[in-house]
Amino acid sequence: PPHESQQKQLYPAPIQSEPGQNAGIPILINNMEGISSFSLEMIYPTELMEFVKVVGSPLTKRFSHLRGEEIVPGVIRIEGFSDEEIQLGPRGSLCVAVFKTRESAVGSAMIELMNVNGDILGAEAGSEARCGSRGCR
C-alpha cells in the first residue's frame with residue numbers, strides 16, 4: 001500500500017523580547033524528513049521590530065545556501081537548499097529569523113508565513129505567533 005506522509009505544518013515560534021534587544025524567531029516545521037530546498041515569506045510588524053538576519057538551525061546548518069532578505073518593508077523572503085535531504089526529526093526548526101525589537105515597541109503583533117515553496121510546498125502555514133515587547137499570545 002502507498003505510504004501516506006503526514007501533512008507538513010509550518011509556523012513561527014512565539015517569542016517575547018525587550019525593547020532594544022535582538023530576538024530570534026524559529027520557523028518550526030513538523031515532518032522534516034526529505035527537505036532539501038525551501039522558500040517562504042515572513043510578514044512581520046515593522047512598527048515593533050527591524051530585520052537583522054536569518055541563521056541556520058542544527059538541521060539546516062549544512063545547507064549550501066540559506067539566506068533571508070527584506071523584499072519590501074515588513075516582508076522577508078527566506079530560501080535554503082542543499083545537496084542532501086534532511087534525514088532526521090519529525091519536528092524541528094528550519095531556520096531562525098533574527099530581529100531587533102524597536103526601542104518604541106509596545107504591545108504585540110502577528111507574525112505570518114506565506115508563499116511557501118520547494119519541498120515544503122503544500123505545508124499548512126500557521127501564524128499563531130503573536131509577538132511583541134509584552135510577550136506573545
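Strand β3 pairs with strand β9 (residues 112-118) in the antiparallel sense, over 5 bridges. β3 also pairs antiparallel with strand β6 (residues 75-81), through 7 bridges. The model is predicted. Its salt bridges number 4, and Glu41, Arg77 and Glu79 form a network of them. The largest pocket has a volume of about 230 Å³.

- β3 spans residues 37-43 and is mostly covered. Of its 7 residues, 5 are buried.
- On the β9 side, Ser39 stands opposite Asn117.
- On the β6 side, Phe38 has Gly80 as its bridge partner.
- In a regular strand, side chains alternate between the two sheet faces.

**The five-stranded open sheet**

- Another topic is an open sheet of 5 strands, in the order β4-β7-β2-β1-β10. Its pairing is mixed.
- Which strands stand at the edges? They are β4 (49-56) and β10 (124-125). Each has a single partner strand, so one side of each is left without a neighbour in the sheet.
- Strand β1 (residues 9-12) and β10 run parallel, joined by 2 bridges.
- Within that pairing, Gln9 has Glu124 of β10 as its bridge partner.

- Side chains of opposite charge can pair when their charged atoms come close.
- Glu41 and Arg77 form a salt bridge, with the closest N and O atoms 3.2 Å apart. This pair links distant parts of the chain. Glu41 lies in strand β3 and Arg77 in strand β6, 36 residues apart.
- The β3 and β6 strands that hold this pair are also joined by the 7 antiparallel bridges.
- Is Glu41 buried or exposed? Glu41 has a relative accessible area of 11%, under the 20% cut-off, so Glu41 counts as buried.
- Arg77 comes to 21% relative accessibility.
- Glu79 is partly exposed, at 28% relative accessibility.
- The three residues Glu41, Arg77 and Glu79 are linked in a network.
- Arg67 and Glu69 make another salt bridge through their side chains, at 2.5 Å from N to O.
- Both partners of that pair are partly exposed: Arg67 has a relative accessible area of 36%, and Glu69 stands at 35%.

**The largest pocket**

- Rolling a probe the size of a water molecule over the atoms shows where empty space is left.
- The volume of the largest pocket is about 230 Å³. How many residues line this pocket? The lining has 11 residues, and the closest to the pocket centre are Leu59, Arg62, Glu84, Glu85 and Ile86.
- By class, the lining holds 5 nonpolar, 2 polar and 4 charged residues.

Terms used: Residues numbered from 1 in each chain as written. Predicted model: local features only at pLDDT ≥ 70, side-chain atom pairs only at ≥ 80, totals over all residues. Heavy atoms only, no water. 1 Å grid on protein atoms, 1.4 Å probe; cavity = no way out; pocket = protein on both sides within 12 Å on 5 of 7 lines; lining within 4 Å. Points joined across faces, edges and corners; volume = space filled by probe spheres on them. Nonpolar A, V, L, I, M, F, W, Y, C, P; charged D, E, K, R; others polar. Buried < 20%, exposed > 50% of the residue type's maximum accessible area, 1.4 Å probe, protein only. Helix = DSSP H or I, 4+ residues; strand = E, 2+ residues; numbered from the N terminus. Pairing = 2+ DSSP bridges.
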